[in-house]
Amino acid sequence: MENLAELKALLQTPRKICIITHKNPDGDAVGSSLALQLALQKMNHQVTAIVPNDFPIFLKWIPHQEELLRFDKNKDESQSAINSAELIFTLDFNDLSRCGDVAEALQNMNADFVMIDHHQQPADYAKFMYSDDKMGSTCEMIYHFLEKMDAINLIDKDIATCIYVGIMTDTGSFRFPATTNTTHQVVSKLIEAGADNSAIHQQTFDVNSYQRMQLLGVALKNMTLIPEYKTAYIHLSKEELEAHNYKKGDTEGFVNYGLSLENVVFAVIFIESLDEDLIKISFRSKGNFDVNQFARKHFEGGGHKNAAGGRSMKNLTDTLSYFKEKLSLQEDLKG
Ligand code: 5GP
Ligand code: MN
């Protein structure tokens, strides 16, 4: 961030601040929002952290998660917090279209934007921009941001826990290539500050419902392998979700089973949305195949080189045909 000193000076005086993250918030979005909120509150700022909509049940134990203001449920309160804000932090996304209906609420505000994010190709809306696509998570960036603000001593057990959650979920429990020695050094500091690593993993991952495991069974049965393109894809229909009493977050991580197949470098999951007329798609890859490009080009999406998302307005059958057609043009996957 070039104008870091200016932001640091701004934060010397108590400010009204909003924190906003992307639609369908994940562990990194929720963890970074809460960690920053707690740290800024300790610096005597008045902070409102807004999530566009609900987040998965497996995150509903994180310290202070009940304080997040849901835009879809509390539009007026969210709007007035946005209108009176002097600074708006946007976390874990880099294009305002990613925060859903909140984007509209940002039209008439007076505040300056601060972006803290690790996705590729950031849009140009933030006065203060800390964008680094080499980072494995926004939560790791929150740690470095607090370091830059000389505020590392503010990190207590709750803040450390929130940051840990986002690093853990976005690095696939410290296994994706973006996990560096610095990541582990940060994690070491978080444990030192009170984060209970073993308990955090258990509270997040060992909370499966029986229904979710059954749904996983269906997803695995629906998996198709295309060996000549080193690709595996999964699909789940509305009916399959409903039959297993689908709850938000239930399909989290399913796409990785495709990627765990020997020789597969590209995995996709197509999930029919229950509340919108679209198919939500997750893309994952190993090595050089760039799913951010693939998602941007064919599925109105984006993300990172090895993990991206997108959507399709076609029905499930047509979406799969379209996908296979685009896949057959991927010479780089062949062989
Ligand atoms: P997921 O598949 O878990 O929804 O998303 C994978 C990654 O891609 C996440 O980092 C997420 O923020 C990003 N992502 C998901 N959907 C979109 C999208 O529609 N546009 C962009 N730019 N990024 C996305
Ligand atoms: Mn993230």
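Student: How are α6 and α7 oriented to each other, roughly parallel or roughly antiparallel?

Tutor: This is a predicted model, so local features need pLDDT of at least 70, side-chain atom pairs count only at pLDDT 80 or more, and totals for chains, interfaces and linings use all residues. Residues are numbered from 1 along each chain as written, with chains lettered from A and ligands numbered from 1 in written order. Helix α6 (157-170) packs on helix α7 (181-192) at about 150 degrees, axes 9 Å apart. Angles over 145 count as roughly antiparallel, so the pair is roughly antiparallel.

Student: Which residues of α7 make the contact with α6?

Tutor: Contact means C-beta atoms, placed from the backbone, within 7 Å. On the α6 side we get Ala160, Ile163, Tyr164 and Ile167. From α7 come Thr183, Val186, Val187 and Leu190.

Student: Over to the sheet: which are its edge strands?

Tutor: The six-stranded open sheet runs β7-β8-β9-β10-β12-β11, with mixed pairing. Strands pair if DSSP finds at least two bridges between them, and β11 joins β12 (307-312) antiparallel over two bridges. Pairing on one side only marks the edges, β7 (224-226) and β11 (302-303).

Student: Which strand gives the largest share of the shell around ligand 1?

Tutor: The shell includes Gly303, Ala308 and Arg98, a residue being near if its C-beta atom, placed from the backbone, lies within 6 Å. Gly303 stands opposite Ala308 in β12. β11 and β12 each supply at least two shell residues, but the largest share, four residues, comes from β12.

Definitions and conventions
Axes fitted to C-alpha atoms, helices over the stretch in contact; angles between N-to-C directions. Parallel < 35°, antiparallel > 145°, perpendicular 65-115°, else oblique. Contact = placed C-beta atoms within 7 Å.
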